[in-house]
Each structure stands twice: as structure tokens, then as C-alpha cells.
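Hello,

Here is the structure I promised to pass on to you. Please open it beside this email, and my notes follow below.

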Amino acid sequence: MELTTTSGRARIEALCGAFPDVPRSIVVKADVLREGTRYTPDLEEAGANSFPHSLIWNPTHAWNPHEGPQLGQIVTIPWKFDLPDGTPVVIRFSARSPYEIRKSDGKWHLLRDGEIVEEVSFEPRANWIFGHTSSGALMASVFLSWSRESLLGCALRYCEYAKSGDQCVYCCLDANLKQYRQAGVEYDLAVKPVAAAETYRAAYEEVGRIREVAFTGGSLINTAKEWERYIALFSTLDRVRKDLAAESSFDACLTPPPNRDLIRELKAAGVDHIGPNMDCWEERLWPIIVPGKHKFVGRQAWIETLLACVEVFGKGNVYSVFVVGPETVAPGGFGEDWRRGIESWQRCFEWLLERGIIPSLSQWQVEVGSPWEAATPPPTEYFLEVARNLHRAFQSFGAYDYMWHAYYKSLAWSTDADFRRLVHGCTCPNCEGSRTAAA
């Protein structure tokens with residue numbers, strides 16, 4: 001894997017040259033995810049009319065730019081931006097990033113080191129986010145809108161692993177919650193089923209279609225209690241789905257007990273696809289990268305649950321997300337021997353796909369407030385290599401033919417769906433037809 005050291009547009013052109021079979025939009029997206037985006041006041045203007053991604057400016061963090069909003073102020077920026085071919089890219093702030101978004105002549109542009117890379121756009125928001133539930137909760141605090149047609153809820157806005165300092169090294173869930181509270185923003189620690197159902201109904205009735213409703217969140221040490229919360233949420237949502245005659249997909253990402261009865265209950269509650277997310281593959285790195293999962297559940301139990309989920313939900317309906325990148329900086333990890341890391345991921349993909357489990361990638365973005373907020377991720381070349389290998393594994397195993405295809409607008413932080421629609425050429429409704437992009 002040859003690394004390039006150029007800057008500006010030349011960096012993108014060099015990456016495209018190194019990966020000639022990867023569309024330019026995927027290359028740009030992977031690089032932006034790795035580098036983050038600098039704050040500009042223009043982003044606040046864009047955020048006023050698109051789906052919001054709120055960020056609290058915390059003066060204790062070194063990335064807080066001096067020219068930004070007043071310290072402690074909440075600013076509303078877009079959750080994502082879209083590249084010309086529709087590829088969605090999530091916005092994460094980094095003061096050190098070479099990327100920024102500026103508006104000129106009525107158009108929005110993504111710039112790298114001051115040079116225009118692409119024209120971008122922002123998906124217009126829906127108005128339901130300003131509505132209130134019957135309990136008075138702002139609907140935007142119940143669901144984050146991935147896009148106009150997909151919703152993400154955080155079922156548990158805290159993680160019990162953090163109490164003992166065992167949270168995953170890339171996670172900032174509890175740190176963000178503390179920041180919101182310090183700014184006077186109150187959230188329910190657990191989403192209430194009625195609030196979720198009312199918000200789902202409001203979103204559906206305004207937009208006319210909600211393709212996905214997904215829940216994720218922190219973990220409870222008592223996994224049975226965690227599952228009870230998810231069962232209550234989805235059973236309530238399912239009643240609304242049936243009442244609306246909607247075709248929304250319900251997806252759950254949660255901590256797994258290898259209990260087939262609970263798995264069947266979750267499916268009966270209306271869940272269509274399930275994702276017990278391992279996050280880390282290498283067994284020897286579990287105590288370092290996902291210490292809480294290692295300490296309170298264990299890798300073997302996680303694998304047993306994935307296999308049990310396939311029995312209940314069927315081949316292609318069970319997935320597991322993996323955070324790519326921390327394995328290269330972890331003590332005892334792969335370091336700069338990136339080839340070994342790539343080979344490790346290849347073994348992961350093959351093992352899961354042989355058993356009908358779909359690996360899903362989340363490109364590591366360094367989060368402020370996470371234990372590893374000062375770490376330096378591997379280069380963009382590494383992320384592109386791993387993602388391209390996953391695409392090739394899907395093709396080799398025929399997984400694209402049987403796996404559930406998430407709506408591509410829902411995956412602003414991953415290139416999985418972009419490879420599926422832009423390289424594989426999927427024509428299913430959730431890929432919105434076959435698309436092409438110049439490499």
C-alpha cells in the first residue's frame with residue numbers, strides 16, 4: 001500500500017490514481033471521514049435548513065477554534081452533506097482538518113486546503129423535528145434523522161461500561177451526555193416507547209415514507225434488561241407501523257445475550273434486522289479496544305449470539321458493525337504494518353460471510369470526549385483498502401444477492417452502501433437505481 005503525501009486537490013487525485021477501480025466520491029468520502037471538517041460560519045447557515053447535528057463547544061478540548069461560537073454555545077450544523085452523485089458524508093468537526101465547506105455564488109463547496117474539491121448539497125429538513133410528544137419532549141431529541149426517510153434513535157443514552165472506565169476506546173456517548181447537561185439541555189436517559197411511536201408517526205405522516213427506523217445506544221451490564229427495553233420500544237413502534245400500513249424496516253443494534261428466547265421475542269416485537277456489533281475482530285485486542293464488552297460479555301458469547309440470531313432472523317438479516325482503525329494504534333496492535341491489519345479484516349469478512357452474517361464497517365472518526373480522542377488514525381489508503389476488500393468479499397460470497405440492503409442515505413459514516421450502489425451497480429429501491437461515477 002503506497003502512501004501519498006500531497007495536499008489539496010492533488011491529494012484526492014493521487015488517491016484516485018492509487019485506487020482506480022474506486023469511484024471518486026468514495027475516495028473523497030473516506031478522506032473526509034478520516035480528516036473531519038473544520039468549523040465555518042457557513043455551516044450554521046446550512047444547518048438552519050437541513051437536518052441538524054448539534055455540537056457542544058467545550059473549552060477544555062484543544063480542537064475548539066478561537067474564531068468559533070462563544071464557548072459553551074450550542075450550534076446547529078447539518079448532520080451530513082451530499083456529494084454530486086448523492087453519496088452522503090457525515091460532518092464531524094476537527095480544527096486540524098484540511099476540509100471546510102464554504103458558500104460562494106449561491107453554491108456550497110467542499111474545499112481541501114483552500115482548493116475546491118466538489119460542489120455539495122444538503123438534504124432539506126422535515127418540520128416534525130420541531131414537534132413535541134404528548135409528554136412534552138422535542139421530537140428531535142427522540143430521533144436523529146439520518147435523512148428524510150430514515151430515523152436513528154439512541155435507546156440508552158448512557159453506557160454502564162463507563163462507570164468502571166471500561167467504555168470502548170472510540171466512544172464518546174457518556175462524554176456528550178455530560179456536555180449537553182452542562183449546557184442545560186435535558187434528555188431522557190432512555191427513550192420512552194410512546195415518545196418513539198409518536199415521533200415515528202409524525203415523521204411518516206409528513207414525509208410520506210420512512211424506510212428505516214433503527215435503535216442503538218449504550219450497554220447495560222444486565223443484558224436481559226437491555227433487551228427488555230428494546231422489545232418494549234419495537235413492539236410499540238410495530239403497532240404504529242401496522243396502523244399506517246408502512247413498509248419501514250426496523251433494525252436493532254444491542255448487546256447480545258446468547259438467549260434464543262429473547263431473540264425470538266425481539267423478532268416477534270417487529271424487528272426485521274439485528275446487529276449485535278462486535279466492533280473489534282482480533283481477540284487479543286478486545287481487552288484494549290472494547291474492554292467493557294470483553295469484561296462483561298466476552299467475545300465468544302458475542303459470536304454465539306450472532307450464530308443464534310442467524311437461526312432466528314435468517315441468513316443476510318444479521319449484521320455486525322466493526323470499527324476500522326483502532327487496531328493499528330492499539331498497544332500490541334498492527335502499528336504501521338497495515339498489511340497485517342488488512343489481512344486480519346479479510347479473515348473476519350470470510351468467517352462471518354461463511355455463516356450468513358453480514359460484516360458492516362464504520363470508519364473510525366476520532367471523537368472528542370472518547371478515551372482515544374488524541375489518537376491518530378491510519379491513513380485514508382488503509383480505510384479504502386479494507387472497504388474495497390469487503391466489497392470484493394461480498395461479491396465473492398454472493399452476499400449482495402441475499403443480504404438486506406440498508407438505505408444508502410442512512411450510511412453517511414460508512415462506504416458500504418456506496419460500494420454496493422456505485423461499484424456493484426445495485427438497482428434495488430434502497431440503492432435508488434444503478435449509478436455510475438468516474439474513478
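How many of the twelve residues of α2 are buried? Eleven of them are, so α2 is largely enclosed by the rest of the structure. Please keep in mind as you read that this is a predicted model.

The buried residues of α2 include Arg24, Lys29, Asp31 and Glu35, along with Ile26, Val27, Val28 and Leu33. From its first C-alpha to its last, α2 reaches 16 Å, close to the 16 Å expected at 1.5 Å a residue. Gly36 follows α2 and has a positive phi, near 80 degrees.

Now to the chain as a whole. It holds 14 helices and 14 strands. Of its 439 residues, 59% are buried. Among contacts with a separation of 6 or more, 72% are between residues 24 or more positions apart. The chain exposes about 17,200 Å², and carbon and sulfur atoms supply 48% of that area.

Helix α14 (residues 416–423) is mostly covered too, with seven of its eight residues buried. Those buried residues are Asp416, Ala417, Asp418, Phe419, Arg420, Arg421 and Leu422. After α14 comes Gly425, with a positive phi near 80 degrees.

β14 runs parallel to β13, and six bridges join the two. Across from Ser362 in β14 stands Val323.

On to the aromatic rings, where the count comes to 19 aromatic pairs. In one of them, the rings of Phe322 and Trp345 have centres 5.8 Å apart and planes at 75 degrees; over 60 degrees counts as edge-to-face, so this pair is edge-to-face. Phe322 lies in strand β13 (residues 319–324) and Trp345 in helix α11 (residues 338–353), so the pair ties together parts that are 23 residues apart in sequence. Both Phe322 and Trp345 are buried.

The rings of Tyr382 and Phe383 form an edge-to-face pair as well, because their planes are at 75 degrees, with their centres 6.2 Å apart. Tyr382 is buried, with a relative accessible area of 0%. Phe383, at 4% relative accessibility, counts as buried because the cut-off is under 20%.

There is also a cluster of rings: ring pairs link Phe143, Tyr200, Phe215, Phe234 and Phe250.

Last, two places where a charge meets a ring. The charged end of Lys315 sits over the ring of Tyr402, 4.3 Å from its centre. Arg284 has its charged end over the ring of Phe334, at 5.2 Å from the ring centre.

Best wishes

Notes:
Residues numbered from 1 in each chain as written. Predicted model: local features only at pLDDT ≥ 70, side-chain atom pairs only at ≥ 80, totals over all residues. Heavy atoms only, no water. Phe/Tyr/Trp six-rings, centres within 6.5 Å; stacked < 30°, edge-to-face > 60°. Helix = DSSP H or I, 4+ residues; strand = E, 2+ residues; numbered from the N terminus. Buried < 20%, exposed > 50% of the residue type's maximum accessible area, 1.4 Å probe, protein only. Lys NZ or Arg CZ within 6 Å of the ring centre and 35° of its normal. Contact = heavy atoms within 4.5 Å. Areas by Shrake-Rupley, 256 points an atom, 1.4 Å probe, with all protein chains shown as cover. Expected span 1.5 Å × (residues − 1). Pairing = 2+ DSSP bridges.
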